[in-house]
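Here is a short briefing on one protein model. Please keep the sequence and the 3D view open while you read.

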Amino acid sequence: MTPCAFLSTCSFFGKYQDSRQAACQGFILQYCKGDQQEKCKRKAYRKEHNAPPPPEMMPNGIVMGA
């Protein structure tokens, strides 16, 4: 599968791409590089607001620290 077109500008991917945490790698495999790309809340936010989402927002829409 082709990776998400926003990978190069995605703050989530940039911050967690080298993480060894299983949860982070799971999000990346599913949402950034897998079949859940169209369900990515970060991608939906970007389309709706014409701006990148907050860095604390995970692909499932949960905002860390909120």
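Helices here are DSSP runs of H or I with at least four residues, numbered from the N terminus. By that numbering, phenylalanine 12 and tyrosine 16 sit four residues apart in helix α1, so about one helical turn separates them. The model is predicted.

**Aromatic pairs**

- Three aromatic pairs turn up in a search of the whole structure.
- One of them joins phenylalanine 12 and tyrosine 16, with ring centres 5.0 Å apart and planes at 45 degrees. Planes under 30 degrees apart would count as stacked and planes over 60 as edge-to-face, so this pair is tilted.
- Phenylalanine 12 is buried, because its relative accessibility is 2% and the cut-off for buried is under 20%.
- Tyrosine 16 has 17% relative accessibility, so it also counts as buried.
- Phenylalanine 27 and tyrosine 31 have ring centres 5.9 Å apart. Their planes meet at 40 degrees, so this pair is tilted.
- Phenylalanine 27 and tyrosine 31 are four residues apart in helix α2, so about one helical turn lies between them.
- Phenylalanine 27 counts as buried at 16% relative accessibility. Tyrosine 31 counts as buried at 13%.
- Phe12, Tyr16, Phe27 and Tyr31 together make one aromatic cluster.

**The largest nonpolar core**

- In soluble globular proteins, nonpolar side chains tend to be buried together.
- The largest nonpolar core in this model has 13 residues.
- Which of its residues touch the most other members? They are Leu7, Phe12, Phe13, Tyr16, Phe27, Ile28 and Cys32.
- Helix α2 supplies the largest share, five residues.
- Tyrosine 16 touches Cys24, Gln25, Ile28 and Met64, leaving out residues up to four places away in sequence.

**The cavity**

- How many cavities of 30 Å³ or more does a search of the whole structure find? The search finds one.
- The volume of the largest cavity is about 110 Å³.
- The lining of the largest cavity holds 13 residues, and Cys4, Phe6, Cys10, Cys40 and Arg42 are the closest to its centre.
- The elements that give two or more residues to this lining are α2 and α3 (41-49).
- Helix α3 gives the largest share of the lining, three residues.
- By type, the lining residues of the largest cavity are nine nonpolar, one polar and three charged.

**Glutamate 38**

- Glutamate 38 lies in the loop between α2 and α3.
- Is glutamate 38 buried or exposed? Its relative accessible area is 62%. The cut-off for exposed is over 50%, so glutamate 38 is exposed.
- Beyond its neighbours within four places in sequence, glutamate 38 is in contact with Lys43 and Lys47.
- Glutamate 38 and cysteine 4 are 34 residues apart along the chain, and their C-alpha atoms are separated by 9.2 Å.

**Threonine 2**

- Threonine 2 belongs to the segment before α1.
- Threonine 2 counts as exposed, because its relative accessibility is 62%.
- The C-alpha atoms of threonine 2 and serine 19 are 21 Å apart. Along the chain, these two are 17 residues apart.

**Asparagine 50**

- Asparagine 50 is found in the segment after α3.
- Most residues other than glycine have a negative phi.
- Asparagine 50 is not a glycine, yet it has a positive phi of about 55 degrees.
- With a relative accessible area of 72%, asparagine 50 is exposed.

Methods:
Residues are numbered from 1 along each chain as its sequence is written. This is a predicted model: local features need pLDDT of at least 70, side-chain atom pairs count only at pLDDT 80 or more; totals for chains, interfaces and linings use all residues. Side-chain values use heavy atoms; hydrogens and water are left out. A nonpolar core is a set of buried Ala, Val, Leu, Ile, Met, Phe, Trp, Tyr and Cys residues joined through side-chain atoms within 4.5 Å. Buried means under 20% relative accessible area, exposed over 50%, partly exposed in between (1.4 Å probe, protein chains only). Contact means heavy atoms within 4.5 Å. Rings of Phe, Tyr and Trp (its six-membered ring) pair if their centres lie within 6.5 Å; planes under 30 degrees apart count as stacked, over 60 as edge-to-face and the rest as tilted. On a 1 Å grid over the protein atoms alone, a cavity is a set of points where a 1.4 Å probe fits but cannot get out, and a pocket is an open set with protein on both sides within 12 Å along at least five of seven lines; lining residues have an atom within 4 Å of a point. Grid points are joined across faces, edges and corners, and a volume is the space filled by probe spheres set on the points. Ala, Val, Leu, Ile, Met, Phe, Trp, Tyr, Cys and Pro count as nonpolar, Asp, Glu, Lys and Arg as charged, and the others, Gly among them, as polar.
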